[in-house]
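Try each task before reading its solution.

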Amino acid sequence: MTQPPVRVVLVDDQPLVRAGLRVLIADSAGLEIVGEAETGDQAVRLAQDLRPDVVVMDIRMPGMNGIEATGLITAGLSSARVLVLTTFDDDEYVYGALRAGASGFLVKDMDLDDILGAIRVVAAGEALIAPSVTRRLIEEFAARPEPAAAPLRGAIEGITDREREVLTLIGRGLSNTEIADRLSISPATAKAHVGRLFTKLAARDRVQLVIIAYELGLVSPSR
């Protein structure tokens, strides 16, 4: 049985950028553009009306920016996942975008095939961040550490010692298989621990778990 195409909404205030992505996606099997927006307000409305699988979101736009729009989309009734795709100079906004619920953060100078792959990965329920962005995200946490909010500190008290170990390794970027190897457990057991962390910490996806690990001080650039 043929899988339905991944429904994509493009959000960027630059028509040329949208046109380039439109051509790229149109030539790719399994992907379909169902709408385009040039402002955050339009993006939120399209996400509600069209119910896409993925919203490819720029950050800097007139009016409502991409971070605000991401927060409204992920907090609303839409099940769309947001993939932020912006310029390298915008990486100061990485933390804000991920906290708002983005499932991925990529830079526009990545290879086109990588961008297409990222859309598919996010649509499948996974999360990812470009390696260059990951490094800067770590630098951001090191430069401006923020204490974890009280509800988050309370939630961490409800996890087991093993789950804390798993959360720490997630924060360091390890996959389930790598976590299993590190802790001498089966991949299925590692996956089960990750699943319980999603539930206990009310995390949307793996990116959110990484953020939580940093906010709780379980991971830092020196550890």
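This is a predicted model: local features need pLDDT of at least 70, side-chain atom pairs count only at pLDDT 80 or more; totals for chains, interfaces and linings use all residues.

Residues are numbered from 1 along each chain as its sequence is written, and side-chain values use heavy atoms, without hydrogens and water.

**Exercise 1.** Find which residues line the largest cavity.

*Solution.* 
- Step 1: The lining consists of L10, V11, D12, L21, V56, M57, D58, L85 and K108.
- Step 2: Strand 1 (6-11) and strand 3 (54-57) each supply at least two of the lining residues. Strands (E, at least two residues) and helices (H or I, at least four) are DSSP runs, numbered from the N terminus.
- Step 3: Sort the lining by class: six nonpolar, no polar and three charged residues.

**Exercise 2.** Locate the buried residues of helix 3 and what they pack against.

*Solution.* 
- Step 1: In helix 3 (residues 66-75), G66, I67, A69, T70, I73 and T74 are buried (under 20% relative accessible area, 1.4 Å probe, protein chains only).
- Step 2: These residues fall within an arc of 160° seen down the axis, so they line one face of helix 3. The arc is that of the directions from the helix axis to the C-beta atoms.
- Step 3: They pack against helix 2 (40-50), strand 3, strand 4 (81-86) and helix 4 (94-99).
- Step 4: At the start of helix 3, a side-chain oxygen of N65 comes within 3.0 Å of the backbone nitrogen of I67.

**Exercise 3.** Repeat for helix 9 (residues 176-183).

*Solution.* 
- Step 1: I179, A180 and L183 are buried.
- Step 2: They cover an arc of only 100° around the axis, which puts them on the same side of helix 9.
- Step 3: Their cover includes helix 8 (161-171), helix 10 (187-200) and helix 11 (206-215).
- Step 4: S184 follows helix 9, with a positive phi near 55°.

Definitions and conventions
On a 1 Å grid over the protein atoms alone, a cavity is a set of points where a 1.4 Å probe fits but cannot get out, and a pocket is an open set with protein on both sides within 12 Å along at least five of seven lines; lining residues have an atom within 4 Å of a point. Ala, Val, Leu, Ile, Met, Phe, Trp, Tyr, Cys and Pro count as nonpolar, Asp, Glu, Lys and Arg as charged, and the others, Gly among them, as polar. Buried means under 20% relative accessible area, exposed over 50%, partly exposed in between (1.4 Å probe, protein chains only). Contact means heavy atoms within 4.5 Å. A polar contact is a pair of N or O atoms within 3.5 Å; within protein, one must be able to donate a hydrogen and the other to accept it, and residues adjacent in sequence count only if both atoms are side-chain atoms.
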